[in-house]
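Visitor: I would like to know how the labels given to parts of a structure are reached. Please take me through some of them.

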Amino acid sequence: MSEEDEDQPPPKRPTASPPADQVLDNVLETVLQFLDAPRDRSAASLVCRSWHRAESATRDSVAVRNILAASAARTARRFPNARSLLLKARPRFADFNLLPPGWAASAFRHWAAAVASGAFPALTSLYLKRIPVTDADLDLLARSLPATFLDLTLHLCDGFSSHGLASIASHCRGLRVLDVVECDMAEEEEQEVVDWVAKFPPEPTNLESLSFECYAYLVDFAALEALVARSPRLSRLGVNQHVSLGQLRRLMAHAPRLTHLGTGSFRPADGGEEGLNFGEVVTSFANAVRARTLVSLSGFRDHAQEYLPTIAVVCANLKNLDLSYAPVTPNQIVMFIGQCYNLETLWVLDSVRDEGLETVAISCKKLQSLRVLPLDAHEDAEELVSEVGLSAISRGCQGLRSILYFCQRMTNAAVIAMSQNCPELKVFRLCIMGRHQPDRVTGEPMDEGFGAIVRNCSKLTRLSTSGHLTDRAFEYIGKYGKSLRTLSVAFAGDSDLALQHILLGCSKLEKLEIRDCPFGDAGLLSGMHHFYNMRFVWMSGCKLTLQGCKEVARSLPRMVVELVNGQPENERAEGVDILYMYRSLDGPREDVPAFVKIM
């Protein structure tokens, strides 16, 4: 061996290659991280076991849209690295007081215990919707959530009070989001209310979003102002009706980078506020315009109409405007809506009348989502909006993707015009409050209008029907509604044939809500082939029998068939009041109230 050879480093020994299946798992996990859509990820998980493993390991955002259908333990095993959880309990029809109190009273308890035990160690975000939540649940969460936890949203929840919010504020010190949205909180005696805003840590916070517009009690404004002042990242703020217009101005001065603002009462405090005048309010909104950040306004829960025009200076930047708590008149909306030419989402009360909707149609050409809600939700209420307003919107806002429209009467012609002018509609919810109302001009059923919607709007995924509808309307829906995923039906149809058209024709249907329709066992049993593909079926006030429901439960053992007595004080000897049926991975729940019978 030469001297030069001795100077060379020894040759490297070949390293062992990782197993082929480990390489495949690593590649799959890397690829799946770029797959965001839940449906796509779910489809990928069904390919084979290795894909299932990789998808489980990389899913960081998990939605359980019925917590009665999947346990917390199963979810934690399936998605051990979940960082974001969205949980839902009650179906939407529960919003109309169709479910007795206590139907899902303890449903969240097991989830709260699972989080407390560390089942979701990477959890940073929790979104709860239509779930009964107690103060004890919130306290347990607050004391056990990881230090990295950032976001808590309670939407349409009930059962908790200021004490629960105080626990969250005290213990979740890194909180970035605390949003309490449209919740029905527990009533408290005045002396029992806790000043939960003052429970946030005294040092600067990481808060980016704070919303409590539905909170019924007074908050200490000094504590709120101090909290906003030491939250430099705050971009979303929604305050309740006890915050006056003068106080709102002070909060806005401390949070110059707000993108979303819930205004509270939008009126001066009782007895007036020193230094508050129209010009000062305009100046506050003008400052927001200069920052070019404010894109969403809501609140106006007890607004003083003379101050409403002050928002005009910021309207050009707005993409979202929620006036669903403000009975704005046609003369009032015209003062600012003309500046809303970038508006994409608008919620209003029907107090704007047809004239107000015509003004919206002229000004808001970029509108994509519209809700027209009832000031008085009774069948015999005064008619404020009609087919005239709907027709104006369809002509002027042809990029519309979603509409919810409450009215007393309607015409087929107006609905057909909307289907032709707005073919990109994905959501069409027409709520004619008078039952079985025909076309107000011709007296014909509303079949052709809804038929046109499903025929011309091929992207439609959600449909709510109303008015006088025969089986022919549902024949149209079954034939053309191939993209429908959610269908709500009330006071409609002639026979079981209508339900058969739906269940045999709408192959992508996931959620079916039916109330007060003449549908019985024959209609229900026609969907046996499809129920395992659906998230739930709700039928109340129909013609179902106990025998028919037993047949479904016997034939589809993985479906939970709940029969609910909507009036527990009146024992029903026969017949079915409410059928709520959903697929379940863990079988029937254990905490069944006395007014619920599981087949």
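This is a predicted model: local features need pLDDT of at least 70, side-chain atom pairs count only at pLDDT 80 or more; totals for chains, interfaces and linings use all residues.

Visitor: Why is helix 7 called roughly parallel to helix 8?

Guide: Helix 7 (residues 135-144) and helix 8 (residues 162-171) pack at an angle of about 5°, their axes 8 Å apart. Angles under 35 degrees count as roughly parallel, so helix 7 is roughly parallel to helix 8.

Visitor: Which residues make that contact?

Guide: Helix 7 contributes D135, L138, D139, A142 and R143, and helix 8 contributes H163, G164, L165, S167, I168 and H171. By class, four of the contact residues are nonpolar, four polar and three charged.

Visitor: What makes helix 13 and helix 14 roughly parallel?

Guide: The angle between helix 13 (residues 353-363) and helix 14 (residues 387-396) is about 0°, with the axes 8 Å apart. The cut-off is again under 35 degrees, and the two helices are therefore roughly parallel to each other. On helix 13, D354, L357, E358, V360 and A361 meet V388, G389, A392, I393 and G396 of helix 14. This contact has six nonpolar, two polar and two charged residues.

Visitor: What do the buried residues of helix 15 pack against?

Guide: In helix 15 (residues 412-421), N412, A414, V415, M418 and S419 are buried. They pack against helix 14, strand 13 (402-407), strand 14 (427-432) and helix 16 (447-456).

Visitor: Which residues touch the most other members of the largest nonpolar core?

Guide: W196, L224, F428 and F531 do, in a core of 182 residues. Leaving aside residues up to four places away in sequence, F428 touches I403, V415, M418, F450, I453, L460, R462, L463 and S464. A second, separate core has five residues, including L373, L404, F406 and M433.

Visitor: How many aromatic pairs are there?

Guide: The count is 14. One of them, W103 with Y580, is edge-to-face, at 5.5 Å centre to centre and 75° between the planes. W103 lies in the loop between strand 2 (84-88) and helix 6 (109-116), and Y580 in strand 20 (residues 578-583), 477 residues apart.

Visitor: How do you know whether W103 is buried or exposed?

Guide: Buried means under 20% relative accessible area. W103 has 2% relative accessibility, so W103 counts as buried. Y580, also at 2%, counts as buried by that cut-off.

Visitor: What makes the pair of W196 and F212 edge-to-face?

Guide: Planes over 60 degrees apart count as edge-to-face. The planes of W196 and F212 are at 85°, with ring centres 5.5 Å apart, so the pair is edge-to-face. Both W196 and F212 are buried.

Notes: Residues are numbered from 1 along each chain as its sequence is written. Side-chain values use heavy atoms; hydrogens and water are left out. Axes are lines fitted to C-alpha atoms, for helices over the stretch in contact, and angles run from 0 to 180 degrees between N-to-C directions. Helices (H or I, at least four residues) and strands (E, at least two) are DSSP runs, numbered from the N terminus. Angles under 35 degrees count as roughly parallel, over 145 as roughly antiparallel, 65 to 115 as roughly perpendicular and the rest as oblique. Contact means heavy atoms within 4.5 Å. Ala, Val, Leu, Ile, Met, Phe, Trp, Tyr, Cys and Pro count as nonpolar, Asp, Glu, Lys and Arg as charged, and the others, Gly among them, as polar. A nonpolar core is a set of buried Ala, Val, Leu, Ile, Met, Phe, Trp, Tyr and Cys residues joined through side-chain atoms within 4.5 Å. Buried means under 20% relative accessible area, exposed over 50%, partly exposed in between (1.4 Å probe, protein chains only). Rings of Phe, Tyr and Trp (its six-membered ring) pair if their centres lie within 6.5 Å; planes under 30 degrees apart count as stacked, over 60 as edge-to-face and the rest as tilted.
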